[in-house]
Amino acid sequence: MTVVSMPLWSILPALYLLACVLAMSMRQHVWWVARSATVAGLMTAVALGTGSLVQARFVLERVDTIGWVTATLVALLGWVIVRFSHRYLEGESGQARYVAALLFTFASVGTLILTHNLLVLALAWTASSLSLHHLLTFHAERAQAQIVAHKKFLASRMAETCLLFALLLIYRATGTMELEGLSAFVAHATSLPPSFHLAAVLIALAAILKSAQLPVHGWLIQVMEAPTPVSALQHAGVVNIGGFVLIRLAPLIAATPTARVILVVVGTLTAALAGLVMMTRISIKVRLAWSTCAQMGFMLMECGLGLYELALLHLVAHSLYKAHAFLSSGDTVLDARRHDLAPTWPAKPAHRTVLYRLIGLPISLGLVEGSAIAWKAWWPGLNLPVVAIAIVGLGLAPLLWGAAEHPKQSLARGVVRILMLTQLYVFWHLVFGRLVPESGGPSLPLALWVGVCFAALYVVQIWLLAYPRGAIATKLFHWTYAGFYLDERFTRLTFRIWPAKVTAPPTTGGALPRPVMNGRPV
């Protein structure tokens, strides 16, 4: 039987685009349109993916598994965010404009995820950025929102310029914009031409700019003037696109050592420094924003190391977690009050706390390594690099920190938690390892760099928590609280090149207060 073929990426985005047009032409039932579109989008993503897996005849064109998993994730997040937005914006003006921009963002991201054409991918990435700009400036009367959106606008345009030049170099060398053609060219080439190495570096730079890596991270931290569901959309969805594009272009990135070094160095430094800055923040949304910055650095680092299956797992897990964290941030004050009412244990001497927490690291590493060995004996095909074991061990070691206060109870609980989470981690590693192409694995210098950086971060965090008023903490606090002054310098540089135009609110006509970044006027 002949099956009619049509681009698959046009199916799911078409639902959102149709709903976007209806939302712009309607005023009374925009939320009904948005909810119907997101429900239909979720059902379509699941149906297409399921049909593709069983090779059902109703599928017009088979979708790759990475695209299906990510498209289902986006459809699920879209459904949740629309439901939350309906309640959050009740009584606000401009709801039709908000819904239209939201649906257009879903359509753009869906197109980017499902297409196999690099040019369509680049255009969809640009469209998602422009529609998100309208959501970030939903409260146009707020000067801070306009300033921050302008900074993001500049970073996005620089990223898209890098991506455009990269695509031109790729097309000139291969004569195609299709992902399959690019992968075939890389697989059969004995050595890649210099233009390909340059293209990979430009793509890495585009991902760094779009993923809010240091020092161009400020816009991600300061977009809190936008509605909370917009923050959830950005932190749980749009900012993760950089990691997804790198996974899509894994054959090219894996074959370019320079691009991998850039991703690992920038990603590791961003994850470490942002993790320190997050310790100085009190506002829950600002802490979450710095957490996103660090997590994006972690994801780019994984791509640079060639751990694409871990990067995809990280992308899915981070999206679900961060959407929940932002949409439930209003309950944080209540949780803090409950914690304040809980009984407290007498504090132990600081040197004992440091010792217990340092001992927890080798215990955690041993538990993770032992679990990996046991899994490999049962599943010989398991390939878990040493650097991945080290990262997981470092990440789970804080579960043993409670042993410094009451050793027996907390140590046993921490060991059980580490063992359970490690089994879950290895299982999902095997699942996602089937979805992405294999790479050569991380090089020894890059693995050592990552291990040293995160081990240093672990020790510094222990010391700061044990001696919060010590000499080191006092000297480091001003730098970390100011984000090491990186964003301040980047802001001044960009505003000299392209100053922001801040318009006064139409309701007041008065002078706007001078916008402030990191405690200083811009």
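At what angle do the axes of helix α4 (residues 95-114) and helix α5 (residues 118-136) cross? In this predicted model, the two axes cross at roughly 160 degrees and come within 8 Å. Because angles over 145 degrees count as roughly antiparallel, α4 is roughly antiparallel to α5. The crossing of this pair, α4 and α5, is left-handed.

Sorted by class, the contact of α4 with α5 comprises 13 nonpolar and six polar residues, with no charged ones.

Helix α18 (residues 386-396) packs with helix α20 (residues 444-466) at an angle of about 10 degrees, and their axes are 10 Å apart. Since angles under 35 degrees count as roughly parallel, α18 and α20 are roughly parallel to each other. From α18, the contact draws on Val 387, Ile 391 and Leu 394; from α20, Ala 447, Val 450, Phe 454, Ala 455 and Tyr 458 take part. The contact of α18 with α20 has eight nonpolar residues, and neither polar nor charged ones.

Attention then turns to the loop between α8 (194-210) and α9 (218-221), where Pro 215 lies. The peptide bond leading from Leu 214 into Pro 215 is cis, with omega near 5 degrees. Ala 212 is found in the loop between α8 and α9 too. For Ala 212, phi is near 60 degrees, a positive value in a residue other than glycine. How accessible is Ala 212? Its relative accessibility is 0%, so Ala 212 counts as buried.

His 314 belongs to helix α15 (residues 308-327). With a relative accessible area of 12%, His 314 falls under the 20% cut-off and is therefore buried. Which residues does His 314 contact, once its neighbours within four places in sequence are left aside? The contacts are with Gln 295, Phe 298, Met 299 and Glu 302.

Technical notes
Residues are numbered from 1 along each chain as its sequence is written. This is a predicted model: local features need pLDDT of at least 70, side-chain atom pairs count only at pLDDT 80 or more; totals for chains, interfaces and linings use all residues. Side-chain values use heavy atoms; hydrogens and water are left out. Axes are lines fitted to C-alpha atoms, for helices over the stretch in contact, and angles run from 0 to 180 degrees between N-to-C directions. Helices (H or I, at least four residues) and strands (E, at least two) are DSSP runs, numbered from the N terminus. Angles under 35 degrees count as roughly parallel, over 145 as roughly antiparallel, 65 to 115 as roughly perpendicular and the rest as oblique. A crossing is left-handed if the near helix is turned anticlockwise from the far one by less than a right angle, and right-handed if clockwise. Ala, Val, Leu, Ile, Met, Phe, Trp, Tyr, Cys and Pro count as nonpolar, Asp, Glu, Lys and Arg as charged, and the others, Gly among them, as polar. Buried means under 20% relative accessible area, exposed over 50%, partly exposed in between (1.4 Å probe, protein chains only). Contact means heavy atoms within 4.5 Å.
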